[in-house]
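The questions below concern the pockets of a predicted model. Please work through them with the structure in view.

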Amino acid sequence: MNVDEILRTLSQEQVDFLLIGGMNFLLRHLPELTWDVDIWVKDDAENLARLNRALCLLGAGWGRTEAEWAPVPADSRWLCTQEVFCLTTAHGALDVFRDVRGLEGRYLDCKTRGVHARTAAGIPFAGLSDEDMLACQQALPVEERKERRIQVLREAIQQAKGR
Amino acid sequence: MNLSALKKQEERKREAAYAPATRWQHIQQTITWAEANLPPHLRRNRPRTAKVLPITTGTRQPVRS
């Protein structure tokens, strides 16, 4: 998966997004087995239109059913039909969240607290803060929580407070 | 449908739609990318200081062939 190309295209199309999930955790803390890029996007019509342009450039595919899997349409209205989409792209798997459990309706607050960083190739991105990553994990059903991630995040937050 | 169920359904659909060869190629690329993007303290081949060995006082004997 070419994560840099996914992030670069989203930034190029001026998509308002936060990197969340395993990639965001990996870039700041510990390697964790993850095969997709998770992003949380600002949920408004203009941003979804920009996101759709980026998805077209990335060669994204999605379908209401497996049989209907196809390149995403040029009209962004399909992005309003549900809260989360798991897509294929020419550069790897991409999960798009219009809202995130544990942080519902707080995209702008989370973006303000977001951590700005660059990948090793120099691609800039904003990632969910440690506190918000922890809130996400704690909002999951117990069987879906990643205990190691929770432990590492708690330690990182404690260390940051101690500085 | 709640969010967890929707996410699982989406993942199942994508898994079925992913061309296996492309999927495998993406997985290999992800491993390479992840290795290059680890936090600095976890990177391999990172600068390290030489390990300091204890100084011994014994006299080295020449190796006889």
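Q: Which residues lie nearest the centre of the second largest pocket?
A: The second largest pocket has a volume of about 300 Å³. Its lining is made up of 13 residues. Those that lie nearest the centre are H29(A), D130(A), A156(A), Q159(A) and R163(A).

Q: How many residues of the lining of the second largest pocket are charged?
A: Sorted by class, this lining has three polar residues and five nonpolar ones. The remaining class, charged, has five.

Q: Which residues are the closest to the centre of the largest pocket?
A: The largest pocket has a volume of about 670 Å³. It is lined by 26 residues. The closest to its centre are F97(A), Q137(A), L140(A), K146(A) and K7(B).

Q: Which element gives the most to the lining of the largest pocket?
A: In chain A, α2 (21–28), β2 (36–41), β6 (92–97) and α5 (130–139) each supply at least two residues of the lining. In chain B, α1 (3–17) also supplies at least two. The element that gives the most, with five residues, is α1(B).

Q: How many charged residues does the lining of the largest pocket have?
A: By class, five residues of this lining are polar and nine are nonpolar. The charged residues number twelve.

Key:
Residues numbered from 1 in each chain as written. Chains lettered and ligands numbered in written order. Predicted model: local features only at pLDDT ≥ 70, side-chain atom pairs only at ≥ 80, totals over all residues. Heavy atoms only, no water. 1 Å grid on protein atoms, 1.4 Å probe; cavity = no way out; pocket = protein on both sides within 12 Å on 5 of 7 lines; lining within 4 Å. Points joined across faces, edges and corners; volume = space filled by probe spheres on them. Helix = DSSP H or I, 4+ residues; strand = E, 2+ residues; numbered from the N terminus. Nonpolar A, V, L, I, M, F, W, Y, C, P; charged D, E, K, R; others polar.
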